[in-house]
Amino acid sequence: MSITTLSTTEYLEVAIEGKVATIAFNRPASMNAFTPEMFHNFHQLLQEIRISETIQIVIFKGNGNAFCSGADIKTMTPNLDIAKLMDLVSDIAVALYTLPKITIAAVHGAAAGGGLSLALATDYIIAQTTSKIAMNFNGIGLIPDVGAHFFLLQKLGEAKSKQLIWNAKVLPATKAFDIGLIDELADDLQTAVQAKVDDWLQKPLQALIQSKQIMTEVHRDELIKILTLEKNGQIKMRQTADHLEGIQAFVKKRKPLFKGE
């Protein structure tokens, strides 16, 4: 089935030029933080891209001053069905990782929390030299999700992944590049992304995609296992006093006082 148009929503802008689709996260006032509805729409959009016979390269970027800051903490109310949400973000992680297209994350500003997880699920990350990244879930008493444990293990190995998660520090893009977390640095992000896309367009894209599919199929079950562990762990963390303290501290813009409870 060939698709020439994709679903555009208020918070997900879509542009298609030939074989290339560009998906822009569009909640700039909230650093492109995802709401539950936005997660749902993004998953649907990935399904549409999957079955397109035209699209072969997909660029993900953020509008405004950031790539994506992850899930919108303001939507994490006590009555949120966390199990349902975790199922949805797990489906997104699998869909994005196994997408039979070449994917690229164009990172500027901040890529934090689940936003960084989404970037790590793509095939290639180009980050603006001035951008910053953070795997900062434990700032609100949670654990990384959207497959972050899987993607970090692939990129960094176990020891470095634990340190990145536990420290939850904001890293400049230059440092993230040095440790192998991102693939390319650019002063001019748009020019660098276009150069990479132009390079891919001159290659046998079907062959590139086929190699990707072989590799992702080998690791698919491992990703699903980790996503299940992330779901169970996140449900447990949502019930802790430290998570409640983290949320309250975030809302009141103060430093959290964690007690390991």
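Figure 1. Strand β7 (residues 132–134) and β8 run antiparallel and are joined by two bridges. Lys132 stands opposite Pro172 in β8. Strands (E, at least two residues) and helices (H or I, at least four) are DSSP runs numbered from the N terminus, and two strands pair if DSSP finds at least two bridges between them. The model is predicted: local features need pLDDT of at least 70, side-chain atom pairs count only at pLDDT 80 or more, and totals for chains, interfaces and linings use all residues. Residues are numbered from 1 along each chain as its sequence is written, and side-chain values use heavy atoms, with hydrogens and water left out.

**Figure 2. Strand β6 pairs in the parallel sense with β4 and with β9.** Strand β4 (residues 102–107) is joined to β6 by four bridges, and Val107 stands opposite Ala127 in β6. Three bridges link β6 to strand β9 (residues 184–186), where Ala186 stands opposite Gln128. Strand β6 (residues 124–128) is mostly covered, as four of its five residues are buried. Buried means under 20% relative accessible area, exposed over 50%, and partly exposed in between (1.4 Å probe, protein chains only).

**Figure 3. Phe25 and Phe67 form an edge-to-face aromatic pair.** The structure holds ten aromatic pairs. In the pair shown here, Phe25 and Phe67 are 5.4 Å apart centre to centre, with 70° between the planes. The pair links distant parts of the chain: Phe25 belongs to strand β2 (residues 20–25), whereas Phe67 lies in the loop between β3 (57–62) and α2 (82–97), 42 residues apart. Both Phe25 and Phe67 are buried. Rings of Phe, Tyr and Trp (its six-membered ring) pair if their centres lie within 6.5 Å; planes under 30 degrees apart count as stacked, over 60 as edge-to-face and the rest as tilted.

**Figure 4. Phe34 and Phe39 form a tilted pair.** The ring centres of Phe34 and Phe39 are 4.8 Å apart and the planes stand at 45°, so the pair is tilted. Phe34 is buried, with a relative accessible area of 1%. Phe39 also counts as buried, at 6% relative accessibility. One aromatic cluster is formed by Phe25, Phe34, Phe39, Phe42, Phe60 and Phe67.

**Figure 5. Charged side chains lie over the faces of Tyr11 and Tyr124.** Arg27 lies over the face of Tyr11, at 5.3 Å from the ring centre. For Lys196, which lies over the face of Tyr124, the distance from the ring centre is 4.5 Å. A charge sits over a ring if NZ of Lys or CZ of Arg is within 6 Å of the ring centre and within 35 degrees of the ring normal.

**Figure 6. The secondary structure of the chain comprises nine helices and nine strands.** The radius of gyration of the chain, taken over C-alpha atoms, is 18 Å, close to the 18 Å that the globule rule gives for 261 residues, so the chain is as compact as a globular protein of that length. The globule rule is 2.2 Å times the number of residues to the power 0.38. Buried residues make up 51% of the 261 residues.
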